Amino acid sequence: MAVNSPFVIVGAGLAGAKAAEALRERGFDGPLVLVGDEHERPYERPPLSKEYLQGASPREDVYVHSRDWYEDNGVELRLGVPVTSLDPGGHAVTLADGSSLPFAKLLLATGSSPRRLPVPGENLDGVHYLRRLADSDRLKETFRTASRIVVIGGGWIGLETTAAARSADVQVTLVEAAELPLLGVLGREAAEVFAGLHTEHGVDLRCGTHVTEITGEDGHVSGVRLRGGERIEADAVIVGVGITPDTGLAVQAGLDVEDGIRVDAALRSSHPDIWAAGDVACALHPLLGRHIRVEHWANALHQPATAARSMLGEDVSYGRLPYFFTDQYDLGMEYTGHTGPGGYDQVVFRGSTARREFIAFWLRERRVLAGMNVNVWEVTDPIRTLVTSGLPVEVAKLADVGVPLTEVFAEG
Ligand SMILES: Cc1cc2nc3c(=O)[nH]c(=O)nc-3n(C[C@H](O)[C@H](O)[C@H](O)COP(=O)(O)OP(=O)(O)OC[C@H]3O[C@@H](n4cnc5c(N)ncnc54)[C@H](O)[C@@H]3O)c2cc1C
């Protein structure tokens, strides 16, 4: 390692940019390099499937910092150049332009990439994946010209792009392999709310089936074929079948990797001078007592401050509960907490699912693991308190909108 080697951050997304900000805020005044393979300076992705895609917010709003911020804060931004290899022993990374960059400490914030759909026709013109700003621009253009599209995958991205397409008056057929969109993440009752929302907005929902082929004419999408042979015509296809963390550098460098880069509660990897944060990190969560990888905006927003402090030698740990949100048509939702499929034994609703104004709680042994508020606001703090307390609740009170959420704990 050279004398006065910089701190290097690989991945100029939200997590990378917030880490640079946090390092400066915590007083780090040494050289700092932020390397990204995209040509855009760091931006936030949630608007790409929502207000930006719908033309309701300007491009300038997506960026994490102003153009000048990097220079003003002494952050060397190297864009459009992927890091191709990592040598932990030699404390250096190699960039695609052949240059080598030494580091004193390194943060991997490489995020994740869309999972490809392994069917014939996947490479046809008119098949879209949504991750980058340019993808959103292409989709926006597609919504202007297409009259019918097929969306493959009823997860968050699939549903949000469906809502955006419907708002642009494009006909949508949504194909989901499970019985309902979001069934695996939310369970049946809550998933039904989202299914109802989309059918009411005119979406042709095809669940319990899957696409076996994307068909084309002259190299351009013409539709999809479903298991069983049915063909659905389409001018474009959007694939949203999940993401995979970009762990390539970590794997090549021999770091511990298992569903993301394994890091401790201070976000330090199995190498003492390498940290990870954001979508790519599978972090030990002190409250949950296990490693989790969170593919959501709030995690990429908050984890970097902990990583930065840890890089500066502070004794810290990241214990925030996972939080995410979605907006679809007139439905706004926030979800706080964490529960895997089958991790709960009861779902309790408070409010009206029919009016789509409710909070759903996932419980195990009467303890709240997670809460999802739909068109009900200002309840994230009490939900967080219910989860972090680990105390049992009285289910009848939890379900009763008349009882404040601060008064639902079981007595005795
Ligand atoms: C369309 C869309 C909508 C979303 N909506 C929501 C939402 O409503 N709510 C929510 O909670 N979350 C949402 N998310 C998820 C959220 O945006 C992510 O969790 C967040 O972007 C993760 O940030 P990150 O910085 O960890 O990774 P990323 O944003 O993926 O950034 C990582 C960056 O590193 C770059 N990179 C990777 N490998 C290398 C390399 N070897 N060299 C150099 N650079 C590299 C990547 O190209 C990328 O620019 C959405 C995501 C998408 C795509």
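**Sheets, rings and cores in a predicted model**

Tutor: An open sheet of three strands runs in the order β13-β14-β15, and its pairing is antiparallel. Please keep in mind that this is a predicted model.

Student: Which strands are at the edges there?

Tutor: The edge strands are β13 (211–217) and β15 (231–233), and each of them pairs on one side only. From one strand to the next, the twist averages 30°.

Student: How many bridges join β13 to β14?

Tutor: Six bridges join β13 to β14 (residues 220–226), and the two strands run antiparallel. Within this pairing, Glu-213 stands opposite Arg-225 in β14.

Student: What holds strands of a sheet together in general?

Tutor: Strands of a sheet pair through backbone hydrogen bonds, and the pairing is either parallel or antiparallel.

Student: What is the order of the strands in the open sheet with β4?

Tutor: That open sheet has three strands in the order β4-β5-β6, with antiparallel pairing. Strands β4 (83–87) and β6 (100–102) stand at the edges with a single partner strand each, so one side of each has no neighbour in the sheet. Neighbouring strands of this sheet are turned by 20° against each other on average, direction ignored.

Student: How many bridges join β4 to β5, and which residue stands opposite Val-83?

Tutor: Four bridges join β4 to β5 (residues 92–95), and these strands run antiparallel. Val-83 stands opposite Leu-95 in β5.

Student: Changing topic: how many aromatic pairs are there?

Tutor: The count comes to eight aromatic pairs. One of them joins Trp-156 and Phe-194 in an edge-to-face arrangement, at 5.7 Å centre to centre and with 85° between the planes.

Student: Where do Trp-156 and Phe-194 lie?

Tutor: Trp-156 lies in helix α4 (residues 156–167) and Phe-194 in helix α6 (residues 188–200), so the pair ties together parts that are 38 residues apart in sequence.

Student: Are Trp-156 and Phe-194 buried or exposed?

Tutor: Trp-156 counts as buried because its relative accessibility is 15%, under the cut-off of 20%. Phe-194 is buried too, with a relative accessible area of 1%.

Student: And why is the pair of Tyr-335 and Trp-362 called tilted?

Tutor: Their ring centres are 5.4 Å apart and their planes stand at 45°, so the pair is tilted. It links distant parts of the chain: Tyr-335 is in strand β23 (residues 331–337) and Trp-362 in strand β25 (residues 357–364), 27 residues apart. Both Tyr-335 and Trp-362 are buried.

Student: Which residues do ring pairs link into a cluster?

Tutor: Ring pairs link Trp-156, Phe-194, Phe-324, Tyr-335 and Trp-362 into a cluster.

Student: Which rings have a charged end sitting over them?

Tutor: The ring of Tyr-129 has the charged end of Arg-116 over it, 4.0 Å from the ring centre. Likewise, the charged end of Lys-140 sits over the ring of Tyr-52, 3.7 Å from its centre.

Student: Now the nonpolar core. Which residues touch the most other members of the largest one?

Tutor: The largest nonpolar core has 53 residues, and Ile-9, Leu-106, Leu-107 and Leu-108 touch the most other members. Helix α1 (residues 14–25) gives the largest share of this core, seven residues.

Student: What is Leu-106 in contact with?

Tutor: Leaving aside neighbours within four places in sequence, Leu-106 is in contact with Val-8, Val-10, Leu-86, Val-93, Asp-273, Ile-274, Trp-275 and Met-311. Apart from this core lies another, of 44 residues, among them Leu-130, Met-333, Tyr-335 and Phe-358.

Student: Where is His-285, and is it buried or exposed?

Tutor: His-285 is in strand β20 (residues 281–285). At 3% relative accessibility, His-285 counts as buried. Beyond neighbours within four places in sequence, His-285 is in contact with Arg-290, Ile-292, Tyr-318, Gly-319, Arg-320, Leu-321 and Pro-322.

Student: How far apart are Gly-153 and Tyr-43?

Tutor: Gly-153 and Tyr-43 are 110 residues apart in sequence and 25 Å apart in space, C-alpha to C-alpha.

Conventions: Residues numbered from 1 in each chain as written. Predicted model: local features only at pLDDT ≥ 70, side-chain atom pairs only at ≥ 80, totals over all residues. Heavy atoms only, no water. Pairing = 2+ DSSP bridges. Axes fitted to C-alpha atoms, helices over the stretch in contact; angles between N-to-C directions. Phe/Tyr/Trp six-rings, centres within 6.5 Å; stacked < 30°, edge-to-face > 60°. Buried < 20%, exposed > 50% of the residue type's maximum accessible area, 1.4 Å probe, protein only. Lys NZ or Arg CZ within 6 Å of the ring centre and 35° of its normal. Core = buried A, V, L, I, M, F, W, Y, C linked by side-chain atoms within 4.5 Å. Contact = heavy atoms within 4.5 Å.
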